[in-house]
Structure formats: structure tokens, C-alpha cells
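Thank you all for making time this morning.

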Amino acid sequence: MVVIRLSRGGAKARPFFNIVVADKRTRRDGRFIERIGFYNPIATASEESIRIAQDRLTYWRGVGAQASPTVERLIAQAAKKAAVAAA
């Protein structure tokens with residue numbers, strides 16, 4: 001099964017997460033199929049905190065990839081932020 005999940009990066013006490021498409025059996029920070037975005041939980045106001053390639057997300061969901069609950073929340077957050085920016 002293919003999943004869309006977070007892969008942790010960054011330094012100690014300075015987390016940074018890549019949003020990746022990976023096989024469910026691989027380790028959290030191990031091999032992945034494709035990186036489709038990132039999430040920076042400690043971004044300042046001038047920095048971008050989340051970015052997701054919507055076209056790739058739509059493709060992977062179309063072929064059956066399941067998103068983790070946290071990634072689902074981040075997708076909703078990114079969509080809400082994009083709607084506010086467009087208005």
C-alpha cells in the first residue's frame with residue numbers, strides 16, 4: 001500500500017517535515033517514492049510554513065494512496081490558507 005505521510009528532517013528542537021509518498025512498509029525517514037511538499041511548524045510570519053503540490057497530491061490519491069491523519073489535517077490547512085490568499 002502507498003501512503004502519503006510526513007518524513008522528519010531538521011535539527012534537534014528545530015523540526016522540519018517533508019510530505020512524501022512512500023510504501024507503507026518503509027521506515028518513516030527512509031526511502032520514498034516522491035516528495036510532494038513540506039511543512040515547517042516553526043516558520044516565522046515571513047517564511048512559508050506549508051507547501052503541497054496539488055497536482056501530484058491529486059494524482060497519488062487517484063491511484064489509491066492513503067494520506068495519514070496528520071497529512072489530511074495539513075492538506076485542509078493548506079487549502080484554507082490558499083483560499084484566504086486568493087480572496
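Predicted model: local features only at pLDDT ≥ 70, side-chain atom pairs only at ≥ 80, totals over all residues.

Let me begin with Arg61, which, once its neighbours within four places in sequence are set aside, is in contact with Ile4, Ala67, Glu72 and Ile75. Arg61 sits in helix H1, and with a relative accessibility of 34% it counts as partly exposed. For a sense of distance, Arg61 and Arg27 are 34 residues apart in sequence, and their C-alpha atoms are 21 Å apart in space.

As general background, nonpolar side chains in soluble globular proteins tend to be buried together.

Staying with helix H2, I would like to point out Ala78, which is found in that helix. Is Ala78 buried or exposed? With a relative accessible area of 14%, Ala78 is buried, because the cut-off for that word is under 20%. Leaving aside its neighbours within four places in sequence, Ala78 is in contact with Ile50 and Ile52. The C-alpha atoms of Ala78 and Arg51 are separated by 7.1 Å, although these two residues are 27 apart along the chain.

Now to the loops, where two residues are worth a look. Asn40 lies in the loop between E3 and E4, and Asn40 is buried, with a relative accessible area of 14%. Not counting residues up to four places away in sequence, Asn40 touches Pro15, Phe16, Glu47, Glu48 and Ser49. Ala13, by contrast, is found in the loop between E1 and E2 and counts as exposed, at 70% relative accessibility. Ala13 also has a positive phi of about 65°, although it is not a glycine.

Let me finish with the chain as a whole. The secondary structure comes to two helices and five strands, and from the N terminus on the elements run β-β-β-β-α-β-α. The radius of gyration is 13 Å, close to the 12 Å that the globule rule gives for 87 residues, so the protein is as compact as a globular protein of that length. Taken along the principal axes, the C-alpha atoms fill a box of roughly 35 × 35 × 20 Å. Of the 87 residues, 34% count as buried, and among contacts between residues at least 6 apart in sequence, 31% join residues at least 24 apart. The protein exposes about 5,800 Å², of which carbon and sulfur atoms supply 55%. As for charge, there are 16 positive and 7 negative side chains, and the centres of the two sets lie 6 Å apart.

Definitions and conventions
Residues numbered from 1 in each chain as written. Heavy atoms only, no water. Helix = DSSP H or I, 4+ residues; strand = E, 2+ residues; numbered from the N terminus. Rg over C-alpha atoms; globule rule 2.2 N^0.38 Å. Buried < 20%, exposed > 50% of the residue type's maximum accessible area, 1.4 Å probe, protein only. Contact = heavy atoms within 4.5 Å. Areas by Shrake-Rupley, 256 points an atom, 1.4 Å probe, with all protein chains shown as cover. Lys, Arg positive; Asp, Glu negative; His and termini not counted. Charge placed at Lys NZ, Arg CZ, Asp CG, Glu CD.
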